[in-house]
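Subject: Structure handover

Hello,

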Amino acid sequence: MYIGIDLGTSGVKVVLVDEAQRVLASETAKLEVSRPHEGWSEQNPEDWLAATLAAIDALAKAHPSEISQVTGIGLSGQQHGAVLLDGEGKVLRPCILWNDTRAEAECAVFEQRFPASRAVTGNIAMPGFTAPKLIWVAEHEKDVFAKTRLVLLPKAWLRFAMTGETIEDMSDASGTLWLDVGRRCWSEEALLATGLSLSHMPELREGSEAAGVLKPALAQRWGMRKAPIFAGGAGDNAGGAVGLGATKPGDAFLSLGTSGVVWVTTDSYRGGGRDAIHAFCHAVPGVWHQMGVTLSAAASLAWWSRVTGMKEAALLAELPEEPVGPSPVLFAPYLSGERTPHNDGAVRGGFALLSQDTTRAQMTQAVLEGVAFSFRDALEGLRASGSDVTEASVIGGGSRSAFWVKILASVLGISLHRLTHGETGGAFGAARLARLAVTGEDVEAVCLPPERADIVVPDVSLRQAYDTAYAGYRALYPGLAAVKTASSKKKEGIVH
């Protein structure tokens with residue numbers, strides 16, 4: 001038996017998986033986010049531990065026999081967060097989360113101090129990453145920075161709380177801007193640019209390697225026969241990729257969740273940075289990945305649902321069974337800024353080409369198409385960075401809409417595979433990594449792809465029309481960015 005723990009932003013999900021890779025049970029405990037200032041996003045690490053313990057307590061109560069047989073635990077979770085510990089291992093301040101934007105100015109400082117950063121770390125410096133956060137702390141919370149002896153990512157802190165070990169896996173470490181992604185080791189130059197050294201970093205392991213043992217008191221609390229081994233684990237996207245079996249070079253998937261991801265596994269390090277493409281280590285040895293990210297994918301439809309006061313299913317029911325052409329309306333899904341290709345946290349979205357004749361259904365379709373166009377931005381960025389994608393699995397809540405997937409296939413010009421169980425998630429991938437850490441099996445033998453429900457091919461008759469609509473969509477960003485900039489200057493009193 002194996003446990004997979006996925007430490008998300010809104011909750012901790014724990015799954016119990018047997019030797020046949022069946023999910024026997026799952027529990028989720030909710031988390032809250034603190035936003036003390038505009039653009040800030042924080043959580044108390046102790047809340048992560050409390051939620052995790054509560055979820056496993058519930059599993060142990062409902063499945064005592066199965067829990068007693070657990071031999072491995074895997075972790076996946078939110079990336080980029082900064083947990084600062086003093087010399088005694090105490091948390092010095094709330095964790096600054098991945099979606100915190102306070103360190104925007106510090107990104108330029110980091111790249112100025114470390115000119116080779118994009119080549120070494122594979123990424124543009126963004127405020128969501130960990131390194132700029134520490135430069136911000138050094139400038140604005142000098143006492144905290146002076147006391148900092150160890151910096152851990154969220155799931156690494158959870159491991160520390162449950163095992164006493166300070167270990168991080170390669171995939172999660174890739175999101176710090178401190179990892180030499182090609183060499184799979186910490187970069188002393190990157191750390192120096194942040195005022196840190198190797199002594200501030202946890203030990204590195206591959207995600208499928210053993211990385212600690214559960215504390216005896218917790219094993220006894222849950223009635224486990226033997227304290228389980230922890231695996232190195234994975235960042236949330238890499239954990240999802242392991243759950244999907246996307247571990248071989250060329251494996252690709254689209255995640256149509258709250259945010260959106262276009263992922264491709266690579267056989268070597270291919271530097272990212274261009275068009276805000278990420279280049280990270282995978283959670284299994286010897287492979288890497290590239291990905292493009294759109295910040296508001298299914299979140300855009302959820303927003304439109306709130307605005308209209310209609311449930312998402314009711315909005316989708318107003319659409320035809322098949323897309324017959326692009327909506328006459330355009331939508332830019334920059335509700336929370338955008339990552340790929342713009343790396344612009346300030347820009348905001350909007351509709352364009354509205355008329356007296358515009359219908360709600362046309363606007364709904366425009367929302368779906370705007371998200372599809374943002375995925376195309378990511379796909380074009382991957383291709384420019386050396387990773388072509390000709391087919392991919394599509395997962396996430398949005399993948400349940402056949403209409404949306406058909407739009408995606410035609411906009412992207414690639415075949416998409418919908419899966420029978422398309423929401424395996426990071427927790428299931430973490431459980432697979434736990435098994436690998438315990439048994440030493442080959443990755444290919446354990447990380448099998450899920451069953452495909454159907455394949456959606458591009459509609460050739462729509463391709464040219466969507467190419468034209470995409471060109472219109474691309475023209476939206478400069479105007480929206482200019483409006484936001486002018487608005488910000490006026491707010492600051494620069495423009496009167």
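Helices here are DSSP runs of H or I with at least four residues, strands are runs of E with at least two, and both are numbered from the N terminus. This is a predicted model, in which local features need pLDDT of at least 70 and side-chain atom pairs count only at pLDDT 80 or more, while totals for chains, interfaces and linings use all residues. Residues are numbered from 1 along each chain as its sequence is written, and side-chain values use heavy atoms, with hydrogens and water left out.

α15 itself is mostly covered, with 9 of its 11 residues buried. Buried means under 20% relative accessible area, exposed means over 50%, and partly exposed is in between, using a 1.4 Å probe and protein chains only. The buried residues of α15 are Phe403, Trp404, Val405, Ile407, Leu408, Ala409, Ser410, Val411 and Leu412.

Helix α12 (residues 298-308) also has a glycine after it: Gly309, whose phi is positive, near 75 degrees. Within α12, Ala298, Ser300, Leu301, Trp304 and Ser305 are buried. They are on the same side of α12, because they cover an arc of only 155 degrees around the axis. The arc is that of the directions from the helix axis to the C-beta atoms. The buried residues of α12 pack against β16 (252-256), α13 (312-317), β20 (330-332), β21 (350-352), α14 and α15 (402-412). Contact, here and below, means heavy atoms within 4.5 Å.

Helix α5 (residues 130-140) is another mostly covered helix, with 8 of its 11 residues buried. These are Thr130, Ala131, Pro132, Lys133, Leu134, Ile135, Trp136 and Val137. They pack against β6, β7 (95-96), α3 (104-113), α6 (142-147) and β8 (150-152).

Next, two pairs of helices.

Helix α14 (residues 360-384) and helix α18 (residues 460-474) pack at an angle of about 85 degrees, and their axes are 10 Å apart. Axes are lines fitted to C-alpha atoms, for helices over the stretch in contact, and angles run from 0 to 180 degrees between N-to-C directions. α14 and α18 are therefore roughly perpendicular to each other. Angles of 65 to 115 degrees count as roughly perpendicular, under 35 as roughly parallel, over 145 as roughly antiparallel, and the rest as oblique. On the α14 side, the residues in contact include Phe373, Arg376 and Asp377, and on the α18 side they include Tyr466, Tyr470 and Tyr473. By class, this contact of α14 with α18 has 5 nonpolar, 3 polar and 7 charged residues. Ala, Val, Leu, Ile, Met, Phe, Trp, Tyr, Cys and Pro count as nonpolar, Asp, Glu, Lys and Arg as charged, and the others, Gly among them, as polar.

In the second pair, helix α11 (residues 236-244) packs with helix α16 (residues 425-439) at an angle of about 70 degrees, with the axes 7 Å apart. That makes α11 roughly perpendicular to α16. Asp236, Gly239, Gly240, Val242, Gly243 and Leu244 of α11 make the contact with Gly425, Gly426, Phe428, Gly429, Arg432 and Leu433 of α16. The residues of this contact divide into 4 nonpolar, 6 polar and 2 charged.

Last, the UniProt record. Which residues does UniProt list for "binding site"? An unreviewed entry lists Gln79 and His80; UniProt positions are given in the numbering used here, feature names are shortened, and annotations may be inferred rather than shown by experiment. Gln79 is in the loop between β5 (72-77) and β6 (83-85), and it counts as buried at 5% relative accessibility. Not counting residues up to four places away in sequence, Gln79 touches Trp98, Ser171, Asp172, Gly175, Gly235, Asp236 and Phe280.

His80 lies in the loop between β5 and β6 and is buried, with a relative accessible area of 6%. Leaving aside neighbours within four places in sequence, the contacts of His80 include Trp98, Asp172, Gly175 and Phe280. Gln78, found in the loop between β5 and β6, is buried with a relative accessible area of 2%. Among the residues that Gln78 touches, not counting those up to four places away in sequence, are Trp98, Asp172 and Asp236.

Regards
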